[in-house]
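Subject: Structure for you to look at

Hello,

Here is the structure I said I would pass on.

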Amino acid sequence: MKKLCMVPAVFSALLALGACQSGSKPAASNVVSGKSASLRAMEQVAIAAHRCWFASKDPAFRPYRMANELNAFGGTPRFLLVPAKNYGGLPLLVVQARGNSSQVEHFGPLTAEPLGARINADLARWSSGNSDCGSAA
């Protein structure tokens, strides 16, 4: 029990010691809000997907729900499309970026459906920085 009480004290001491260190700070272009390139790219794509597919009440996406996993600890921010009536079901679409890459990739059975062409076009547009919703399929 005594060891458990020491953990917060040691952690606080390490934080205080780290705050006292001097040195050059990284250039602003390297830090951009402390987020990895993959997280920045996925945030942009996820916001557009939510706005264009779900918030707009697009009938093509009514059978699905979006499950955000942007804060994944494994370094792979992503979001999933799952069946609306089975939120815990297998994902029908996975959209993700890995590590420090801003390259967005996607896969899943929904890409082979008629809606797949629209998904491909939307994700390519959003990944390039264009947040327009485009035309509904």
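The notes below go from the overall fold to one residue.

This is a predicted model, in which local features need pLDDT of at least 70 and side-chain atom pairs count only at pLDDT 80 or more, while totals for chains, interfaces and linings use all residues. Residues are numbered from 1 along each chain as its sequence is written, and side-chain values use heavy atoms, with hydrogens and water left out.

The protein has four helices and four strands, in the order α-α-α-β-β-β-β-α along the sequence. Here helices (H or I, at least four residues) and strands (E, at least two) are DSSP runs, numbered from the N terminus.

Two strands count as paired if DSSP finds at least two bridges between them. Strand 1 (residues 64-69) and strand 2 (residues 78-83) run antiparallel and are joined by six bridges; in this pair, A67 is opposite L80. Strand 2 is also paired with strand 3 (residues 93-96), again antiparallel, through four bridges. There, L81 has L93 as its bridge partner.

Of the 137 residues, 28% are buried, meaning under 20% relative accessible area with a 1.4 Å probe, protein chains only.

Is D122 buried or exposed? D122 is in helix 4 (residues 116-127), and it counts as buried because its relative accessibility is 2%. Leaving aside residues up to four places away in sequence, D122 touches W53 and C133, where a contact means heavy atoms within 4.5 Å. The side chains of D122 and W53 also make a polar contact at 2.8 Å (a pair of N or O atoms within 3.5 Å, one able to donate a hydrogen and the other to accept it; residues adjacent in sequence count only if both atoms are side-chain atoms).

Regards

Notes: Buried < 20%, exposed > 50% of the residue type's maximum accessible area, 1.4 Å probe, protein only.
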